[in-house]
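Trainee: I would like to learn how to read this structure. Where should I start?

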Amino acid sequence: MSIAENIIRFRESTPPQVTLVAVSKTKPVSDLMQAYDAGQRIFGENKIQEMTSKWEEMPKDIKWHMIGHVQTNKVKYMAPFVSLVHAVDRLKLIKEINKQAEANNRVIDVLVQVKIASEDSKFGMPVPDVIALFENKVLENYPHVNVKGLMGMATFTDDQKQVAAEFELLEGLFIRFRESENLSILSSGMSGDYQLAIDHGSTMIRVGSSIFGARNYN
Ligand SMILES: *Cc1c(COP(=O)(O)O)cnc(C)c1O
């Protein structure tokens, strides 16, 4: 199936409350434009430099989501235009986003990435730290950062029970703080596990290879 057909298939087969982020990392602008022409307006990238050059080249009604791990010293390059930062996992990064957002006279929307996977390699804030962040009202000190929700990545495994348990943990945390923290976005689910994520309350899926095909890393 073509990229455009894949976009339409995802749009039609997922519930209306679920937003599709088209994960376009490593893909050329010509591929992204096929998705754009099929109506897709939200794209996810995991490298700030790549996202910035695509932003410069492409139509300005696109919302750019930074879905990857963010190095503090690179926040300034995306601060003028980024629409949502998914992987905020430490206070130092919140401080830097607040500073760069203020310098650009804006408030930047972010998600707190929660460590739900058992693998050591996955980034994310440990669950007790997320609870403390909210309960201690730490975010009140950073008015240029708006936490809109939570993000999580499940362990890369065929064990559906384990993946389901990890998404359940994330959903529980989301429900616990949804009202008091005014959270509206639960970003979970990729090509391999988006259905399970939706079953566990996902409102935003990040899909790459099922739309654009396998990635080439050179
Ligand atoms: C690459 C990536 C995705 C998309 O992965 P696919 O398996 O290709 O759908 C989703 N989320 C994050 C954080 C990623 O880095």
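Predicted model: local features only at pLDDT ≥ 70, side-chain atom pairs only at ≥ 80, totals over all residues.

Trainee: Which other residue places a polar side-chain atom 2.8 Å from an oxygen atom of the ligand?

Mentor: That residue is R215. The backbone takes part too: a polar backbone atom of G208 is 2.8 Å from a ligand oxygen atom.

Trainee: How much of the ligand does the protein bury?

Mentor: The protein buries 90% of the 390 Å² that the ligand exposes when taken alone.

Trainee: Which residues surround the ligand?

Mentor: The surrounding residues are V23, K25, I67, M151, M153, M190, S191, R206, V207, G208, S209 and R215. Sorted by class, this shell has 6 nonpolar, 3 polar and 3 charged residues.

Trainee: Now the helices. What describes two packed helices?

Mentor: In general, the angle between their axes and the distance between those axes. Here, helix α6 (residues 127-135) packs with helix α7 (residues 160-178) at an angle of about 10 degrees, and their axes are 12 Å apart.

Trainee: Is α6 roughly parallel or roughly antiparallel to α7?

Mentor: Roughly parallel, because angles under 35 degrees count as such.

Trainee: Which residues make the contact between α6 and α7?

Mentor: On α6 they are V127, V130, I131, F134 and E135. On α7 they are L169, L173, R176 and F177. By class, the contact has 7 nonpolar and 2 charged residues, with no polar ones.

Notes: Residues numbered from 1 in each chain as written. Heavy atoms only, no water. Axes fitted to C-alpha atoms, helices over the stretch in contact; angles between N-to-C directions. Helix = DSSP H or I, 4+ residues; strand = E, 2+ residues; numbered from the N terminus. Parallel < 35°, antiparallel > 145°, perpendicular 65-115°, else oblique. Contact = heavy atoms within 4.5 Å. Nonpolar A, V, L, I, M, F, W, Y, C, P; charged D, E, K, R; others polar. Near = heavy atom within 4 Å. Polar contact = N/O pair within 3.5 Å; in protein donor to acceptor, adjacent residues only side chain to side chain. Areas by Shrake-Rupley, 256 points an atom, 1.4 Å probe, with all protein chains shown as cover.
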